[in-house]
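Please consult the sequence and structure shown here alongside the text.

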Amino acid sequence: MRLLLRDLHLPLRHPFSISLGTTQVQHNLLVEVQQEGHCGYGEAASTHAYPEFTAASMRTALEAARDQIEAEIWDEPAALWDRLEPILGHNRFALCALDEAVHDLWGKMHGAPVWRLWGLRQENLPLSNYTLGIDPVQKMVAKMNEFAGWPIYKIKLGTADDLGIVRELRRHTEATFRIDANTAWTAEQTLSLAPELKDLGVELIEQPLKRDDWEGQRRVFRDCPLPVFADESCLIEADVPRCAGYFHGINIKLTKAGGMTPARRMITRARELGLQTMVGCMNESTVGISAIGQFLPLLDQVDMDGAVLLARDVATGVRLERGRAVFPEENGNGVRLFEP
């Protein structure tokens with residue numbers, strides 16, 4: 001198996017702000033693996049929240065493991081992930097990009113999409129939201145109207161007037177809302193805001209509290225009238241059991257988890273514990289979004305609009321039409337890079 005690496009510099013359609021920072025150009029790493037005339041592609045995104053995981057640090061980790069990666073003889077991605085985790089587990093973002101690429105290659109070598117190789121069916125697939133980053137409220141309204149007709153909008157909050165933002169957005173659409181505070185609230189704020197948010201058509205709140213505020217989260221879980229999903233509090237497989245009794249569901253990010261292999265295991269464990277499951281994105285191109293698409297039959301909710309937020313993409317694959325996933329004819333994860 002041959003390993004190739006490429007830095008991606010992806011300008012966003014609009015500056016994208018959350019409570020943790022603003023992004024104008026997304027810096028990601030693209031991983032390509034080649035074997036038997038087939039090419040598989042994976043991607044990991046950098047983010048303000050995890051400054052140690054840059055495209056450069058991912059590249060360094062993969063280069064250090066290149067000889068072992070390229071010498072591997074494998075027939076199933078999960079087994080390969082288990083062998084490589086001891087040498088790449090310190091950089092889960094790099095491991096994710098490689099794992100996505102291996103899954104894409106696996107499907108192409110076997111002549112089938114990954115979801116089919118997993119034994120899944122494309123039935124009752126959840127719709128994706130379109131995400132509105134923090135901005136002056138009229139800009140948020142304009143961004144929403146730019147993508148009018150979506151069934152669900154995720155609203156990033158963590159401002160001095162969060163309720164005012166949601167009230168104004170509600171004046172312009174009847175769509176379902178999801179709220180993501182990205183750890184910006186306290187338990188008191190969450191419980192104070194939640195009743196009116198519910199009245200305004202919000203279906204869930206994502207990660208309102210700091211990652212380690214478990215006592216506050218217990219109160220929110222007990223008293224909040226809306227379901228609350230973990231994001232920053234549920235990064236890897238070992239975090240899932242801790243979320244039971246504190247959250248109603250988990251939002252799994254492939255990049256944070258370390259790839260598609262651990263994400264499937266997290267979904268299985270969450271279901272055993274009675275937790276709802278969502279997979280979310282981190283402003284990936286269609287390469288990373290297509291990996292998320294393989295999970296749709298397993299999910300209650302999905303947030304896979306990352307490529308829609310970009311001004312320029314690098315590939316074709318799974319795409320969204322007003323929140324509905326449209327799958328390509330291509331096998332694997334469905335990724336095909338644009339011609340250079």
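Strands (E, at least two residues) and helices (H or I, at least four residues) are DSSP runs, numbered from the N terminus. The model is predicted, with local features needing pLDDT of at least 70 and side-chain atom pairs counting only at pLDDT 80 or more, whereas totals for chains, interfaces and linings use all residues. Residues are numbered from 1 along each chain as its sequence is written, and side-chain values use heavy atoms, without hydrogens and water.

**Strand β10**

Because four of the five residues of β10 (residues 276–280) are buried (under 20% relative accessible area, 1.4 Å probe, protein chains only), this strand is largely enclosed by the rest of the structure. β10 pairs in the parallel sense with β9 (residues 249–253) over five bridges; pairing requires at least two DSSP bridges between the strands. Within β10, Thr-277 is the bridge partner of Ile-250. β11 (residues 301–303) also runs parallel to β10, joined by three bridges, and its Asp-303 stands opposite Gly-280.

**Cavities**

A cavity is a set of points on a 1 Å grid over the protein atoms alone where a 1.4 Å probe fits but cannot get out; lining residues have an atom within 4 Å of a point. Volume is the space filled by probe spheres set on the points, which are joined across faces, edges and corners. The whole structure holds three cavities of 30 Å³ or more.

| Cavity | Volume | Largest contributor to lining |
|---|---|---|
| Largest cavity | about 340 Å³ | β2, three residues |
| Second largest cavity | about 80 Å³ | β1, four residues |

β1 (2–18), β2 (21–35) and β5 (152–156) each supply at least two lining residues of the largest cavity.

How values were computed. Buried < 20%, exposed > 50% of the residue type's maximum accessible area, 1.4 Å probe, protein only. 1 Å grid on protein atoms, 1.4 Å probe; cavity = no way out; pocket = protein on both sides within 12 Å on 5 of 7 lines; lining within 4 Å.
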